[in-house]
Amino acid sequence: MKADIRDVIDDYIDAHTDDVSSLLQDLMQETEKLTGLARWSIGKVEGKLMQLLIKISGTQQAVEVGTFTGYSALVIAEALPDEGILITCESNEAYGEIAQRYFNQSPYGKKIQLILGPALDTLKEILESSVGFVFIDADKPSYAVYFDEAIRILQPGGIVFVDNVFWRNKIFKNKITNENAKAIAAFNEKVMRDDRVENVMLSIRDGVYLIRKK
Ligand SMILES: C[S@@+](CC[C@H](N)C(=O)[O-])C[C@H]1O[C@@H](n2cnc3c(N)ncnc32)[C@H](O)[C@@H]1O
């Protein structure tokens, strides 16, 4: 049977994108062994895109909503300058423990501050216009509120990077029944209506929204 063209394209993109560090590869393997949920992590291609954006934009301070076992946090920390800081939010203690164990092993881990608890509480503590990059990757029904907080804490020109904006392709159905897909579809329309930002949606993995605060 002929391979799906999307799989062919994804394999080609993967083969023509730089590798991530060996620690990140180890973390992906251990995440699969311990949780069976390695697919939750952003993976190499999305990770390299994120690293290039952080480097090109010269971001000093970043915020992540949804740490899981720390893959994307380490991706961000690797790309930040030496004095850079990442605040990453996670509500699940067991995931946070795995993440912290890997942060401790990484030469970049000292840049990462893991805050356990509801992400919205943490975001509300962050000063207005203090951040250059926000990554949203936690509970889907809260994307809209995380986005509004992101716009509040971002400096002008700052970037919001949002994962899973296709929600497993369920947002493309004529009648959306899945609750996460409904929330994501509404979120995508909200971003399109928002004059505070400019945006581009990318067909990488489960869909990425790249948004710049004006
Ligand atoms: C898709 S995973 C994040 C994956 C991670 N960004 C990566 O690429 O490695 C989503 C995470 O968000 C966390 N989460 C869900 N709701 C949350 C909330 N209200 N506050 C903080 N974290 C939350 C989950 O426990 C889960 O670990």
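1. Two strands pair if DSSP finds at least two bridges between them. Strand E5 (residues 154–163) and strand E7 (residues 208–213) meet that test, with five bridges in the antiparallel sense. Within this pair, Val-160 stands opposite Ile-211 of E7. Keep in mind throughout that this is a predicted model.

2. Now the whole sheet. Seven strands make it up, and the sheet is open. The order is E3-E2-E1-E4-E5-E7-E6, with mixed pairing. Strand E3 (112–116) and strand E6 (197–202) are the edge strands, and each pairs on one side only. From one strand to the next, the twist averages 15 degrees.

3. Next, a parallel pair. Strand E1 (residues 61–65) runs alongside strand E4 (residues 131–136) in the parallel sense, and four bridges link them. Ala-62 has Phe-133 in E4 as its bridge partner.

4. E7 also pairs with E6. Six bridges join these two strands in the antiparallel sense. Val-200 has Leu-210 of E7 as its bridge partner. The hairpin of E6 and E7 has five residues between the strands. Arg-205 in this hairpin takes a positive phi near 45 degrees.

5. Turn to the helices, starting with H3 and H4. Helix H3 (residues 43–57) packs on helix H4 (residues 71–79) at an angle of about 35 degrees. Their axes are 8 Å apart. The crossing is right-handed. H3 brings Gly-47, Met-50, Gln-51, Ile-54 and Lys-55 to the contact. H4 answers with Ser-72, Val-75, Ile-76, Glu-78 and Ala-79. By type, the residues of this contact are five nonpolar, three polar and two charged.

6. How do the axes of helix H2 (residues 22–35) and H4 cross? They come within 10 Å and cross at roughly 170 degrees. An angle over 145 degrees counts as roughly antiparallel, and H2 and H4 are therefore roughly antiparallel to each other. On the H2 side the contact residues are Leu-23, Leu-24, Leu-27, Met-28 and Thr-31. On the H4 side they are Tyr-71, Leu-74 and Val-75. Seven residues of this contact are nonpolar, one is polar and none is charged. Val-75 of H4 meets H2, and Val-75 is also listed in the contact with H3.

7. H4 matters again at the ligand. Which residues are closest to the ligand? Of the 17 residues that surround the ligand, the closest are Gly-66, Phe-68, Tyr-71, Ser-72 and Ala-119. H4 supplies at least two residues of the shell, and so does strand E2 (85–90). The shell divides into nine nonpolar, five polar and three charged residues.

8. Last, the pair H7 and H8. The axes of helix H7 (residues 143–153) and helix H8 (residues 179–193) come within 9 Å. They cross at roughly 30 degrees. Angles under 35 degrees count as roughly parallel, and H7 and H8 are therefore roughly parallel to each other. H7 contributes Tyr-143, Ala-144 and Phe-147. H8 contributes Ala-183, Ile-184, Phe-187, Lys-190 and Val-191. The residues of this contact divide into seven nonpolar, no polar and one charged.

Terms used:
Residues numbered from 1 in each chain as written. Predicted model: local features only at pLDDT ≥ 70, side-chain atom pairs only at ≥ 80, totals over all residues. Axes fitted to C-alpha atoms, helices over the stretch in contact; angles between N-to-C directions. Left-handed = near helix turned anticlockwise from the far one by under 90°. Contact = placed C-beta atoms within 7 Å. Nonpolar A, V, L, I, M, F, W, Y, C, P; charged D, E, K, R; others polar. Near = placed C-beta within 6 Å. Parallel < 35°, antiparallel > 145°, perpendicular 65-115°, else oblique.
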